[in-house]
Amino acid sequence: MKKPPTLPYYQPWIGEEEKNQVIDTLDSGWLTTGPKTKKFEQEICTYVGAQQAVALNSCTGALHLSLVALGIGIGDEVITSPFTFAATGNVIHHAGAKPVLVDIRRDTYNIDPQRIEEAITPRTKAIIPVHYAGQPCDMTEILEIAKSHNLFVIEDGAHAIGAEYEGRQIGTFGDMTCFSFYATKNITTGEGGAITLNDELLANRLRSLSLHGISKDAWKRYSSDTSWHYEIEDFGWKYNMTDIQAALGIPQLQRLDQFVTTRRKYAQIYNQELSQFPGSVVVPYESPNVKHTYHLYPLLVEKDRNGFIEKMHQQGIECSVHFIPLHIHPIYGREFGLKWGDFPNAEWVYEREVSLPLYPMMSEEDVWRVVHSVGKILMP
Ligand SMILES: *Cc1c(COP(=O)(O)O)cnc(C)c1O
């Protein structure tokens, strides 16, 4: 029997406009941060409804600079979820602060606001809620807690550009929101990220910190009269976005709503078909007050998750797991004494979670192929 072609876990959707824009940038002679980056930033502002956007080379850089710009550093504590990617926790350490993990809800897999308060100490300075899979966290409750304890809120929106909470785009709920344009995310610039916020002074500081702490960004520097002059005001980093990346991002952002619509449509097929196996799998729950982007489709498999992934692989379908909780990684154990058992909900989800392929490049036929493969494993 001929094996069907492998369905990859992810393939980016790159159209003619993306190619044209990149070639236009290459031909323009201006490759680094410049007019395309500015335009991309303006369009992000318009899309999410923020006053300011700072485009960067990654969401990791965005999260790091957010902490630094808000003055968070040595001796401080920052609360976040254990159910996230390395970046969220690592940048807290890079800023000089200590990550304090708070367990997730068993339904949304997002940080549980009811557990945040007990983790707050006099050293706590900020909360980083992670909108897991593209489902916004309980922002009303989180913002209330932050307000009453005088904490900053930096949203890890790596999965959440295009998501809505109570009818409003993710991007302006907290003090800053960080987005990712990594190859697999909702839209891509290859590698890339952005911070959105409503504070011009902070936005300028973020721009400076993204370019060595130099007082003017490269574009302004080379177009002013005293083009050679600059001042180093901070020990900054090199996190700026290039115009080649922004050239990809501009048309991608125009496609975002369509991408999210397709993701949601495919997720509905998965939900409908896979909820016919109660007891064997748990399909993702969607809160009534959000628009979920389904950056991920996290299916929980009750029995033998690893075996399930292997059987999907044998049928030519590649799956993944998001995430191995931070607290069970070696460095988090060594540095903070964390261990298995500390965050039972994150562990419960992790042990069962399988991310099924879900992306706009898939055809509806591919979606049904995944459904049938899951069915074959659950009802052999
Ligand atoms: C991908 C991801 C990041 C990091 O994004 P990069 O752009 O790759 O730096 C941060 N947080 C979460 C939850 C992610 O999935």
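First, my naming: helices (H or I, at least four residues) and strands (E, at least two) are DSSP runs, numbered from the N terminus. I am working on a predicted model, where local features need pLDDT of at least 70, side-chain atom pairs count only at pLDDT 80 or more, and totals for chains, interfaces and linings use all residues. Residues are numbered from 1 along each chain as its sequence is written, and side-chain values use heavy atoms, with hydrogens and water left out.

I looked up Asn 150 and found it in the loop between α6 and β5 (152–156). Its phi is positive, about 60°, although Asn 150 is not a glycine. Ala 133 also has a positive phi, near 65°, and sits in the loop between β4 (124–128) and α6 (139–149). Most residues other than glycine have a negative phi, and most peptide bonds are trans.

Are these two buried or exposed? I use buried for under 20% relative accessible area, exposed for over 50% and partly exposed for in between (1.4 Å probe, protein chains only). Ala 133 is buried at 1%, whereas Asn 150 is exposed at 70%.

I also noted a cis peptide bond between His 322 and Phe 323, with omega about 0°. Phe 323 is in the loop between α10 and α11 (330–336).

**The sheet**

I traced an open sheet of seven strands with mixed pairing, in the order β1-β9-β8-β5-β4-β2-β3. Two strands count as paired if DSSP finds at least two bridges between them. β1 (52–56) and β3 (98–101) are the edge strands, each pairing on one side only. From one strand to the next, the twist averages 25°.

β1 and β9 (residues 193–197) run antiparallel and are joined by five bridges. Ala 55 is opposite Ala 194 in β9.

Which helices did I check against this sheet? Helix α2 (residues 35–48) packs on it, touching β1, β8 (176–180) and β9; contact here means heavy atoms within 4.5 Å. The direction of α2 makes about 130° with that of β1. Helix α7 (residues 200–209) lies across β1, β8 and β9 and runs at about 10° to β1. For these angles, axes are lines fitted to C-alpha atoms, for helices over the stretch in contact, and angles run from 0 to 180 degrees between N-to-C directions.

**The cores**

A nonpolar core is a set of buried Ala, Val, Leu, Ile, Met, Phe, Trp, Tyr and Cys residues joined through side-chain atoms within 4.5 Å. The largest one has 48 residues, and those with the most contacts inside it are Tyr 270, Tyr 297, Leu 299, Phe 308 and Leu 356. Elements giving two or more residues include α9 (243–274), β12 (297–301) and α10 (305–314). α13 gives the most, with six residues.

Leu 356 touches, among others, Tyr 9, Cys 319 and Val 374, not counting residues up to four places away in sequence. Apart from this core lies another of 41 residues, including Phe 40 and Leu 256.

Buried residues of α13 include Asp 366, Arg 369 and Val 370. Among the elements covering them are α9, β12 and β13.

**Cysteines**

How many disulfides does the structure hold? Zero, taking a disulfide as a pair of cysteine sulfur atoms within 2.5 Å. For Cys 45, the nearest cysteine sulfur is that of Cys 178, 14 Å away. Cys 45 is buried, at 12% relative accessible area. For Cys 137, the nearest is that of Cys 59, 13 Å away. Cys 137 is buried too, at 1%.
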